[in-house]
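Please look over the sequence and the structure shown here before reading the explanation that follows.

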Amino acid sequence: MSGVDYLAPASVADAVSALRASAGSARLMAGGTDLLVQMRGGRAKPEVVIDLKRIPGLMGIRGEGGGFVIGAATSGAALGEHEALKAAWPGVIEAANLIGSTQVQGRASLGGNLCNASPAADGVPALIAAGAVCIIEGPAGAREVQVEKVQAGPGKTTLAADEILLAFRLPPRPARSSDAYLRLIPRTEMDIAVVGVGVSLTLDAGGVCNAARVSVGAVAPTCLLVEAAGVALVGTTLDDAALAKMEAAVSAACRPISDKRGTAEYRTKVACVLARRAALIAKDRANA
Amino acid sequence: MSRMVVNATVNGEPVEFLAGGGQSLLDALRDELRLTGSKEGCGTGDCGACSVIVDGRLVCACLMLAPEAEGTRIETIEGLADNGHLHPLQHQFLEQAALQCGFCTPGLLMASKALLDRNADPTESEVRYWLAGNMCRCTGYDKVVRAVMDAAADLRQAEKPR
């Protein structure tokens, strides 16, 4: 990794101009837990690394408009220590905290997780289920886009070459709302999801679900929002019939590959099982 | 491809070194500062042998660029003992034979220190999950976990007012 220039701009404007000036030879870095491994393995060969962590707002969590804004480069460890965020969005935080070891948690971020664009990214289905919005800055100014619109395929995003993901906006949470994220791995720690599922929902005073979003990871080239699966839960108390309908919607949305970590059939089946379990966990949390 | 001057605090001492833009913190610690206690096992953040504490956070020094260290406070294995007096973790690792070849030991000790710095009384499960990113191919981990639990008890005892 010799012959690489390191830049740590102190403002978004400086980062955007550095990115433009590099004409495609730069890579943005948040925690670096994917990028530095790719550089070492020769899969990424940037001439310039632009470290985003010195830009105000990229690190840290703040309340805004009744919701939260999470800096894109905020570490998983910092997310896990934020009690209010964890109470409002336990599914987002458990997903972020599943990524890698304690050491990796000290650096890995949700922004990096999304922009690395792995179909198996743990943080992404949870953010999609949460209805999180990306705040993105480019030469033309800022724009906001739903998280599910960002991944374009393995390793690819819809961000322009001169755009930077600054933060995620999590919406205000109505009463009796919660979320959950579950993944399957063949061991207990330190592995990549064979399947991941995020569910976020809101119950009314009578325990009837009035809003739900379901997202699946590692069963398609990108993490998917399964709108029909959320719709299947709305207007129900998550009874068996509703859960079966949700599973059918998840199953229909899955387009997995078969590889050494699981066959397409296995992944599809597991996605349904995890969606059911995650929905019930989210429901219990919303009732608590 | 200029090298840059980096100022940081390592084990309480201010240091200044020249870092390449793509150089890892681990290489800078070992090659520029000659602190060779932190080891390189995998170089990809999987084994934990290069674990150091940066601004209170446990990280893999192989997964951090040296220039990122500007202005940070870094703790390495070389700073764990206090003037030749072993840290309770080091003492318990020796007592319980929690090492054989010793390659993973600096990383395990720093990771364990980071745990005990924030949790004085961890459960065995908490110790095992916390150390899941530190590979050891000799001990089978059991002696390591027992050493950390006992060191935690020693530290709690030492903290008690007499």
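## Domains, core and chain contacts

In chain A, 25 residues of domain 2 are in contact with 26 residues of domain 3, two residues being in contact if their C-beta atoms, placed from the backbone, lie within 7 Å. This is a predicted model, in which local features need pLDDT of at least 70 and side-chain atom pairs count only at pLDDT 80 or more, whereas totals for chains, interfaces and linings use all residues. Residues are numbered from 1 along each chain as its sequence is written, while chains are lettered from A and ligands numbered from 1 in the order in which they are written.

The division of chain A gives domain 1 (5–50), domain 2 (61–170) and domain 3 (177–287), with bounds that come from an automatic or database domain assignment. Between domain 2 and domain 3 of chain A, the C-alpha centres lie 19 Å apart. On the side of domain 2 of chain A that touches domain 3 of chain A, two or more residues each are given by α5 (90–97), α8 (123–130) and β8 (151–153) of chain A; here helices (H or I, at least four residues) and strands (E, at least two) are DSSP runs, numbered from the N terminus. The largest share of that side, six residues, comes from α8(A). Its residues divide into 16 nonpolar, six polar and three charged, where Ala, Val, Leu, Ile, Met, Phe, Trp, Tyr, Cys and Pro count as nonpolar, Asp, Glu, Lys and Arg as charged, and the others, Gly among them, as polar.

The largest nonpolar core has 145 residues, of which A:V199, A:V250, A:A271 and A:A275 touch the most other members. Such a core is a set of buried Ala, Val, Leu, Ile, Met, Phe, Trp, Tyr and Cys residues joined through C-beta atoms within 7 Å. Helix α11 (residues 264–287) of chain A supplies the largest share of this core, nine residues. Not counting residues up to four places away in sequence, A:A275 touches A:V197, A:V199, A:V214, A:A229, A:M246, A:E247 and A:V250.

A:L233 lies in helix α9 (residues 227–233) of chain A. Why is A:L233 classed as buried? A:L233 is buried because 28 other C-beta atoms lie within 10 Å, and a residue is buried if 20 or more other C-beta atoms lie within 10 Å of its own, exposed if 12 or fewer, and partly exposed in between, with C-beta atoms placed from the backbone. Leaving aside neighbours within four places in sequence, the contacts of A:L233 include A:L201, A:C209, A:M246 and A:A279.

An open sheet of chain A has three strands in the order β1-β3-β2, with parallel pairing, two strands being paired if DSSP finds at least two bridges between them. Its edge strands are β1 (5–7) and β2 (26–29) of chain A, each of which pairs on one side only. β2(A) pairs with strand β3 (residues 48–51) of chain A over four bridges in the parallel sense, and A:A26 stands opposite A:V48 in β3(A).

Chain B itself is assigned domain 1 (4–79) and domain 2 (88–159), whose centres, taken over C-alpha atoms, are separated by 21 Å.
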